[in-house]
Amino acid sequence: MQYVIISPWYEGIKYSAKGLGIMRITITGRNIELTDGIKTAVESKLGKLEKYFTPDTDVFVTLSVEKERQKIEVTIPIKGHIIRSEQVSNDMYVSIDLVEEVIERQLTRYRKKLASKKMNMAENFSADFIEADAEDDDDEEVKIVRTKRFGMKPMYPEDACIQMELTGHDFFVFRNAETDEVNVVYKRKGNTYGLIEPEC
């Protein structure tokens, strides 16, 4: 396992850590000093995920502190898809524990879907994980219970946020008047909004 530490204190310094040698962890710190204890906790916890992935898997970790909010974001890009979890608590070590548990639960819960030819992702995972006994699975079927169709008239992101509030939803799909692309606005904590745009 290798990981790279990026922060105001450790910028550009690369560290090697003990492990199975199959994951590259990049850690970015925002408003937080990446101490040896924190680096070890990230390495130890996320190192448990090595058994699920093939060699040279990249894992991007962002640690940030805002007032009492100690947040960790973990992103694992997998061939056109993303495995991601974000956890917040008042203790960074607790957040690190939680994020590993959530990702592991996601992987085991949807193992069959991840291994399916339709998803085209199996080659990113270890053979042991993909070929695990079905008895060990708690894989859940994904059920779409409702389909909704609606017209998308062009509007600006700010107007889409207002429309979202008026409809009482947490997100809103619209056609961006500036780019003519389908975008999504969504609610974030602290009475703020996010905008999702397609990547070309």
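Visitor: In which helix does E104 lie?

Guide: E104 lies in helix α2, which spans residues 92-109; helices here are DSSP runs of H or I with at least four residues, strands are runs of E with at least two, and both are numbered from the N terminus. This is a predicted model, in which local features need pLDDT of at least 70 and side-chain atom pairs count only at pLDDT 80 or more, while totals for chains, interfaces and linings use all residues. Residues are numbered from 1 along each chain as its sequence is written, and side-chain values use heavy atoms, with hydrogens and water left out.

Visitor: What makes the pair E104 and K51 a polar contact?

Guide: Their side chains are joined at 3.5 Å, and the definition asks for a pair of N or O atoms within 3.5 Å, where within protein one must be able to donate a hydrogen and the other to accept it, and residues adjacent in sequence count only if both atoms are side-chain atoms; therefore the pair qualifies. Leaving aside neighbours within four places in sequence, E104 is in contact (heavy atoms within 4.5 Å) with L49, K51 and Y52.

Visitor: Why is S95 called buried?

Guide: S95, whose place is also in helix α2, has a relative accessible area of 0%. Buried means under 20%, exposed over 50% and partly exposed in between, with a 1.4 Å probe and protein chains only, so S95 is counted as buried. Not counting residues up to four places away in sequence, S95 touches Q70, I72, Q87, V88 and S89. Of the 200 residues of the protein chain, 38% count as buried.

Visitor: Which strands each supply at least two residues to the lining of the largest pocket?

Guide: They are β4 (57-66), β5 (69-78), β6 (81-89) and β9 (182-188). The lining includes E66, R69, R84 and R188.

Key:
1 Å grid on protein atoms, 1.4 Å probe; cavity = no way out; pocket = protein on both sides within 12 Å on 5 of 7 lines; lining within 4 Å.
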